[in-house]
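Thanks for coming. Please have the sequence and the model in view.

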Amino acid sequence: RKEVEQDPGPFNVPEGATVAFNCTYSNSASQSFFWYRQDCRKEPKLLMSVYSSGNEDGRFTAQLNRASQYISLLIRDSKLSDSATYLCVVPKGGNTPLVFGKGTRLSVIA
Amino acid sequence: DAGVIQSPRHEVTEMGQEVTLRCKPISGHDYLFWYRQTMMRGLELLIYFNNNVPIDDSGMPEDRFSAKMPNASFSTLKIQPSEPRDSAVYFCASSSRQGFTGELFFGEGSRLTVL
């Protein structure tokens, strides 16, 4: 299994839809997980951290499933401005640099 | 506050030429990272520094690549000689002395095209 794997998409959804992405990781010792957002031709920016109990920020919910080694990102009531690539991020192991997934591309359509 | 500053933003060069990319991290950040992004491979970590010292350069693809951090406010990534397969966006990122909290602050990137 690769360190971090994501479905590349694209996910094309209408405004107002709910969409979910999953990301699998290989290192069972990983403790911290993150979702970054990258707009077209821009730099990645932190969207949210993923805690063992899950994390919710407005329309965005991130969850962790340690048993199956995946994290998920749920976006409710999609907006046009949510169109971007969402990168799943996991440390290699312990307190080490972050490994980025290749990203899942989301297009929200009017 | 200024974010991570990279230069040049765009560079087009010919195969065999030397390329130098520059990065100024956010003041007070102890960690500096160089990433490369391509469509095929995504974001790859090339090297990272802690307190100006290179910690892990296992991601540097070949001897043609080298990186330095002479002081806390400046780092360079050099490719000599450059090849077409080096074409990519090179990102510099920094993070605080709290270490890997998850928030890396990226610069806008240097888009390199090697002809």
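In which strand of chain B does B:Ser110 lie? B:Ser110 is part of β11, residues 110-114 of chain B. Strands here are DSSP runs of E of at least two residues, helices are runs of H or I of at least four residues, and both are numbered from the N terminus.

Before going further, the ground rules. This is a predicted model, in which local features need pLDDT of at least 70 and side-chain atom pairs count only at pLDDT 80 or more, while totals for chains, interfaces and linings use all residues. Residues are numbered from 1 along each chain as its sequence is written, chains are lettered from A and ligands numbered from 1 in the order in which they are written, and side-chain values use heavy atoms, with hydrogens and water left out.

Back to B:Ser110. Is this residue buried or exposed? B:Ser110 is buried, at a relative accessible area of 1%. Buried means under 20% relative accessible area, exposed means over 50%, and partly exposed is in between, using a 1.4 Å probe and protein chains only. Leaving aside residues up to four places away in sequence, B:Ser110 touches B:Gln6, B:Ser7, B:Pro8, B:Arg9, B:Leu21, B:Ala88, B:Val89 and B:Tyr90. A contact means heavy atoms within 4.5 Å.

B:Ser7 has B:Arg22 in β3(B) as its bridge partner, and B:Leu21 is bridged to B:Leu77 in β8(B). The sheet is open, with 4 strands of chain B in the order β1-β3-β8-β7 and antiparallel pairing. Two strands count as paired if DSSP finds at least two bridges between them. At the edges are β1 (5-7) and β7 (65-71) of chain B, each pairing on one side only. On average, neighbouring strands of this sheet are turned by 15 degrees against each other, direction ignored. For such angles, axes are lines fitted to C-alpha atoms, for helices over the stretch in contact, and the angles run from 0 to 180 degrees between N-to-C directions.

Going across the sheet, β1(B) pairs with β3 (residues 19-24) of chain B over 3 bridges. Then β3(B) is joined to β8(B) by 5 bridges. Another 5 bridges join β7(B) to β8 (residues 74-79), and there B:Lys68 is partnered by B:Thr76.

As a whole, chain B has 0 helices and 11 strands. Its radius of gyration is 13 Å, close to the 13 Å that the globule rule gives for 115 residues, so chain B is as compact as a globular protein of that length. The radius is taken over C-alpha atoms, and the rule is 2.2 Å times the number of residues to the power 0.38. The C-alpha trace spans about 40 × 25 × 25 Å along its principal axes. Of the 115 residues, 49% count as buried.

Now chain A. How many strands make up its open sheet of order β1-β3-β8-β7-β6? There are 5, and the pairing is antiparallel. The edge strands β1 (4-6) and β6 (55-57) of chain A each have a single partner strand, so one side of each is left without a neighbour in the sheet.

In this sheet β3 (residues 19-25) and β8 (residues 70-75) of chain A pair over 6 bridges, with A:Cys23 opposite A:Ile71. β7(A) and β8(A) are also joined by 6 bridges, and they form a hairpin with 4 residues between them, where A:Gln69 in the turn has a positive phi of about 55 degrees. β6(A) and β7(A) share 3 bridges. Their hairpin has 2 residues between the strands, and A:Gly58 takes a positive phi near 65 degrees.

Last, the cores. A nonpolar core is a set of buried Ala, Val, Leu, Ile, Met, Phe, Trp, Tyr and Cys residues joined through side-chain atoms within 4.5 Å. The largest has 24 residues, and among those touching the most other members are A:Phe21, A:Trp35, A:Ile75 and A:Leu106. A:Ile75 touches residues including A:Val19, A:Phe21, A:Tyr86 and A:Leu106, again not counting residues up to four places away in sequence. A second, separate core of 21 residues includes B:Met60, B:Phe65, B:Ile79 and B:Leu112.
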